[in-house]
Amino acid sequence: MEFPSKLIEDAVTEVSKLPGIGKKTALRLVLHLLKRDEEQTQTLANSLTEMRMKVQYCKKCHNLSDDTLCSICANPRRDGSIICVVEDTRDVLAVENTAQYKGLYHVLGGIISPVEGIGPSDLHIDSLIQRLTQQSEDDEPVKEIILALSPTMEGDTTAFYLQKKLRPFQLKISTIARGIPIGGDLEYADEVTLGRSILSRIAYE
């Protein structure tokens, strides 16, 4: 691809490094930015720079945050007796968008994957154990841990490992239900999903 400017080429190269964006899409975005007012482009650049410099990880749950404690951990109205364990911040956003969960979270920062060289020590598992062992009198006692991990081999491996680590605390350990999605057809469901749906059936109300 020939570029009329080395500066444009450099910008396209950097934008195309973003996930899901190829060189053609990157070029369209760069040309769009050139058509906008210089002030608007500068605002975008400043917001990205400020985000990269100031966004940090919550010291309690490892969710992305503007402060040392994220807005969820700092919210006194959240139910501190339940902790939902997820892989990353995107999963926190997905659960929050349901508006059905009012507890706290713990972000592992990944899942166990021997193929990718990711072991338990690479995840925020020790800090989860610390949250359970070092609760102060002001903290609401944790009664349940929800393992909201992807239904993959790596996700199941991580859930199994966590279940063993959490067993001494005598907490209720649950996982998110797995089954047929709303609007889905049985004939297109894989055998594992359909089998789990049958085993995890609920009473019809």
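Contact means heavy atoms within 4.5 Å, and helices (H or I, at least four residues) and strands (E, at least two) are DSSP runs, numbered from the N terminus. The views show a predicted model, in which local features need pLDDT of at least 70 and side-chain atom pairs count only at pLDDT 80 or more, while totals for chains, interfaces and linings use all residues. Residues are numbered from 1 along each chain as its sequence is written, and side-chain values use heavy atoms, with hydrogens and water left out.

**View 1. Packing of helices α1 and α2.** Helix α1 (residues 6-15) packs against helix α2 (residues 23-35) at an angle of about 125°, and their axes are 8 Å apart. Axes are lines fitted to C-alpha atoms, for helices over the stretch in contact, and angles run from 0 to 180 degrees between N-to-C directions. The two helices α1 and α2 are therefore oblique to each other (angles under 35 degrees count as roughly parallel, over 145 as roughly antiparallel, 65 to 115 as roughly perpendicular and the rest as oblique). From α1, the residues Ile8, Ala11, Val12, Thr13 and Val15 meet Lys23, Ala26, Leu27, Leu29, Val30 and Leu34 of α2. The residues of this contact of α1 with α2 comprise nine nonpolar, one polar and one charged (Ala, Val, Leu, Ile, Met, Phe, Trp, Tyr, Cys and Pro count as nonpolar, Asp, Glu, Lys and Arg as charged, and the others, Gly among them, as polar).

View 2. Four strands in the order β4-β3-β5-β6 form an open sheet with parallel pairing; two strands pair if DSSP finds at least two bridges between them. Strands β4 and β6 stand at the edges with a single partner strand each, so one side of each has no neighbour in the sheet. On average, neighbouring strands of this sheet are turned by 25° against each other, direction ignored. Helix α5 (residues 126-133) packs on the sheet and touches β3, β4 and β5 (144-147), its direction making about 145° with that of β4. Helix α6 (residues 153-166) lies across β3, β5 and β6 and runs at about 165° to β5.

**View 3. Strand β3 beside β4.** In strand β3 (residues 79-86), seven of the eight residues are buried (under 20% relative accessible area, with exposed over 50% and partly exposed in between; 1.4 Å probe, protein chains only). Five bridges join β3 to the parallel strand β4 (residues 103-107). Cysteine 84 stands opposite tyrosine 105 in β4.

**View 4. Surroundings of serine 174.** Serine 174 belongs to strand β6 (residues 172-175) and, at 17% relative accessibility, counts as buried. Not counting residues up to four places away in sequence, serine 174 touches Glu144, Ile145, Ile146 and Leu147.
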